[in-house]
Amino acid sequence: MSAPPEFIVATSAGGWALFLDIDGTLLELAAHPHTVTVDPDLTHLLRALYEKTDGAVALISGRTVADADSLFAPLKLCVAGQHGAERRDFAGGLHLHAPPVDGLRRAAERLRRLVSEHPGLVLEEKGMNLALHFRGAPLLEAELVPLVEQLVAELGQDFELQAGKMVLEIKPTGRDKGTAIEAFMQEHPFRGRVPIFIGDDLTDEYGFALVNRLGGHSIKVGPGASAAQWRLADASAVRGWLDRLAKKWQTRCDTPA
Ligand SMILES: [Mg+2]
């Protein structure tokens, strides 16, 4: 897999729809999801891309929509949160996929007890999604996987396990990053454009598969097997590439060079 092709940079912004994962893609991974820092240049860059594409930029994240908003305030982009379980469209409408969460509350209690016994673990409770981070206790992975698998099995068909980098998540079934991008692509201002999706983790493979099917461009960040067509080395390379798009993409009003 090589870097994304130059013709993407050398065209008009009006033909593209940009879908971006946040952690590990726009931002370096942090020890805790709440300790990431966003420098103002990144927010300015996203705003420039939003303006060039007439709004066809969406964040596609495991974070909640509210969390994504707070990271890039005062920007309010289109967002799919919790791996597609919640989605805010261009008009500001919120689409929720909310299975019954009684069982999820019981699973959260079990995980809270576990985290209280192991200081290296962090539990994120996002509403419809529980994320158990073990970056601070990597040796526990072998023991955590069967435990979370058991919790997911007890929840029945409404929830499933989503593995990621040093994280095990319990998420609603039926929604993923692919279904989120697909929904955006049926709406203004994304409809009729060619999608580009950049992501770094296993959950992003759903987005890569969808974008490949739609004839778009899928870009994997970092090493590892992937269905993506292109690759960028790390979050800093993503920033560099997006910066070139923001500078070189012609808007419809620009005179072609
Ligand atoms: Mg990521």
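Mentor: The residues that donate to the magnesium ion follow the sequence spacing D-x1-D-x176-D. In this predicted model, the protein donors are Asp-21 (OD), Asp-23 (O) and Asp-200 (OD), and they lie 2.1 to 2.2 Å from the ion. Asp-21 has a relative accessibility of 4%, so this residue counts as buried. Asp-23 is buried as well, because its relative accessible area is 19% and the cut-off for buried is under 20%.

Next comes the nonpolar core. The largest one has 34 residues, and Leu-26, Trp-241 and Leu-242 touch the most other members. At least two residues of this core come from each of helix H1 (6-9), strand E1 (16-20), helix H2 (40-52), E2, H3, strand E10 (194-199), strand E11 (217-221) and helix H8 (235-248). The biggest share is that of H8, which gives five residues. Apart from residues up to four places away in sequence, Leu-242 touches Leu-18, Leu-20, Leu-26, Leu-45, Leu-49 and Ile-198. There is also a second, separate core of 21 residues, with Ala-107, Val-115, Leu-121 and Leu-168 among them.

Thr-64 belongs to another loop, the one between strand E2 (57-60) and helix H3 (65-71). Its relative accessibility is 18%, so Thr-64 counts as buried. The side chain of Thr-64 reaches the backbone nitrogen of Asp-67 at 3.0 Å. Once neighbours within four places in sequence are set aside, the contacts of Thr-64 are Gly-81, Gln-82, Glu-86 and Lys-126.

Some backbone details deserve a check. The peptide bond from Ala-73 to Pro-74 is cis, with omega near 5 degrees, and Pro-74 is in the loop between H3 and strand E3 (78-81). His-188 and Pro-189 are likewise joined by a cis peptide bond, where omega is about 0 degrees; Pro-189 falls in the loop between H6 and E10.

His-83 has a phi of about 55 degrees and is in the loop between E3 and strand E4 (86-88). With a relative accessible area of 4%, His-83 is buried. Met-166 has a positive phi of about 60 degrees, and its place is the loop between strand E8 (159-164) and strand E9 (167-172). Met-166 is partly exposed, because its relative accessible area is 32%.

Last, a helix pair. Helix H6 (residues 177-185) and helix H7 (residues 205-213) pack with their axes 6 Å apart, at an angle of about 40 degrees. The two helices are therefore oblique to each other, since angles under 35 degrees would count as roughly parallel. On the H6 side the contact is made by Lys-177, Gly-178, Ile-181 and Glu-182, and on the H7 side by Tyr-206, Gly-207, Leu-210, Val-211 and Arg-213.

Technical notes:
Residues are numbered from 1 along each chain as its sequence is written. This is a predicted model: local features need pLDDT of at least 70, side-chain atom pairs count only at pLDDT 80 or more; totals for chains, interfaces and linings use all residues. Side-chain values use heavy atoms; hydrogens and water are left out. Helices (H or I, at least four residues) and strands (E, at least two) are DSSP runs, numbered from the N terminus. Buried means under 20% relative accessible area, exposed over 50%, partly exposed in between (1.4 Å probe, protein chains only). A polar contact is a pair of N or O atoms within 3.5 Å; within protein, one must be able to donate a hydrogen and the other to accept it, and residues adjacent in sequence count only if both atoms are side-chain atoms. Contact means heavy atoms within 4.5 Å. A nonpolar core is a set of buried Ala, Val, Leu, Ile, Met, Phe, Trp, Tyr and Cys residues joined through side-chain atoms within 4.5 Å. Donors are N, O and S atoms within 2.8 Å of the metal (3.2 Å for Na, K and Ca); water is not among the atoms, so sites may look incomplete. Axes are lines fitted to C-alpha atoms, for helices over the stretch in contact, and angles run from 0 to 180 degrees between N-to-C directions. Angles under 35 degrees count as roughly parallel, over 145 as roughly antiparallel, 65 to 115 as roughly perpendicular and the rest as oblique.
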